[in-house]
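Colleague: I have a few questions about this protein. Can we go through them with the structure open?

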Amino acid sequence: MTTPVLISARNEGEHIGVTLKHLPAGTRPVVIANGCDEDDRTVEVARGMGAEVIEMADAGKMQAVQAGIRRLGPAAIEPFVTIDADTRPLSPRLWLSGLRAGRRRVDAERPAVIVGPSIFIRHGLPMPVRTTWYNLKQYRSRRDVQRGEFRGLNMLVHAQNAAMVERILDLPPFWPGEDLAVARLIERNGGHAFKTIDPRAAVVTDGSRVPSAWEVVRRGNVATKSVEMASYLHDAPLGSIPFVDDSQLD
């Protein structure tokens, strides 16, 4: 069975080729080029590597994911994956099996979101302490998306039915936090959110917004979180809404 992989890509011409190269056989890459500059090569590179491409002027990440879901049509009720355009599977051959194993940890008859672990690198070097800390927090709170870290760099979504797909498509233009908004929506409608630390499901990312362990020690976690959020908000497209809490889903 072919698994769709939705990749929101805003000015990612430098990275999208690496991401696509590392996707395993059995995937259907759908690149949503959202709000790219005229001189950006995201569309050119993605098409050259055989990916489906959706071009849209709107730069919002939630809108990009929703455009990808609409492209899937009726197949959107089956499992699909979202991954960032500057992110790649650690073990491409095992990646999907790792995410599917996480799906089997929760009720197969109910909608679910499964998030795999992320390995952060900076300047080409791994950040093992920071990565281990994030993954430990994920493991300790793997059934509670309000605790620990819930990053949708690497997320399997199984909507199960058309009604749930429509609810996802009706979400406002959240970013940052669009991944958490989808997970909370599914939970509030009787589904599951589960965070796996299965290394097969891991992805590697440059972690450019993630403070180092030294910064956490020096500034404190609250301060580094505010710096990280400021970075997201600085780059947020006009009209995007940061997802803060469940009241925004009402």
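Modeller: Fine. This is a predicted model. The second largest pocket has a lining of His-15, Val-18, Thr-19, Asp-86, Thr-87, Arg-88, Ile-121, Val-204, Thr-205 and Asp-206.

Colleague: Which elements give two or more residues to the lining of that second largest pocket?

Modeller: Helix H1 (16–21), strand E5 (87–89) and strand E11 (203–205) do.

Colleague: What is its lining by class, and what is the volume of the second largest pocket?

Modeller: The lining of the second largest pocket has three nonpolar, four polar and three charged residues. The volume of this pocket is about 180 Å³.

Colleague: Now cavities. How many of 30 Å³ or more are there?

Modeller: The count is one cavity of 30 Å³ or more. The largest cavity holds about 140 Å³ of space.

Colleague: Which residues are closest to the centre of the largest cavity?

Modeller: There are 17 residues in its lining, and Lys-61, Val-65, Thr-82, Met-155 and Glu-178 are the closest to the centre. At least two lining residues come from each of strand E1 (3–9), helix H3 (61–72), strand E4 (80–83), strand E9 (154–158) and helix H7 (178–188).

Colleague: And the lining of the largest cavity by class?

Modeller: That lining has 10 nonpolar, three polar and four charged residues.

Colleague: Changing topic: which residues touch the most other members in the largest nonpolar core?

Modeller: Ile-32, Ile-69, Val-113, Ile-168 and Leu-171 do, in a core of 32 residues. Two or more residues of this core come from each of strand E2 (27–34), strand E3 (52–56), H3, strand E6 (112–115), E9, helix H6 (162–169) and H7. H3 gives the most, with six residues. Another core, of 28 residues, lies apart from it and has Leu-20, Leu-23, Leu-99 and Val-203 among its members.

Colleague: Why group nonpolar residues like that?

Modeller: Because nonpolar side chains tend to be buried together in soluble globular proteins.

Colleague: Back to E2 and E3. In which sense do they pair, parallel or antiparallel?

Modeller: E2 and E3 pair in the parallel sense, over five bridges. Ala-33 stands opposite Glu-55 in E3. With helix H2 (residues 42–48), E2 and E3 make a right-handed β-α-β unit.

Colleague: One more. Where is Ala-76 found, and is Ala-76 buried or exposed?

Modeller: Ala-76 is in the loop between H3 and E4. Ala-76 has a relative accessible area of 1%, so it counts as buried, the cut-off being under 20%.

Colleague: How many residues apart in sequence are Ala-76 and Ala-159?

Modeller: Ala-76 and Ala-159 are 83 residues apart in sequence, while C-alpha to C-alpha they are 7.2 Å apart in space.

Methods: Residues numbered from 1 in each chain as written. Predicted model: local features only at pLDDT ≥ 70, side-chain atom pairs only at ≥ 80, totals over all residues. Heavy atoms only, no water. 1 Å grid on protein atoms, 1.4 Å probe; cavity = no way out; pocket = protein on both sides within 12 Å on 5 of 7 lines; lining within 4 Å. Points joined across faces, edges and corners; volume = space filled by probe spheres on them. Helix = DSSP H or I, 4+ residues; strand = E, 2+ residues; numbered from the N terminus. Nonpolar A, V, L, I, M, F, W, Y, C, P; charged D, E, K, R; others polar. Core = buried A, V, L, I, M, F, W, Y, C linked by side-chain atoms within 4.5 Å. Buried < 20%, exposed > 50% of the residue type's maximum accessible area, 1.4 Å probe, protein only. Pairing = 2+ DSSP bridges. Right-handed = clockwise from strand over helix to strand, strands pointing away.
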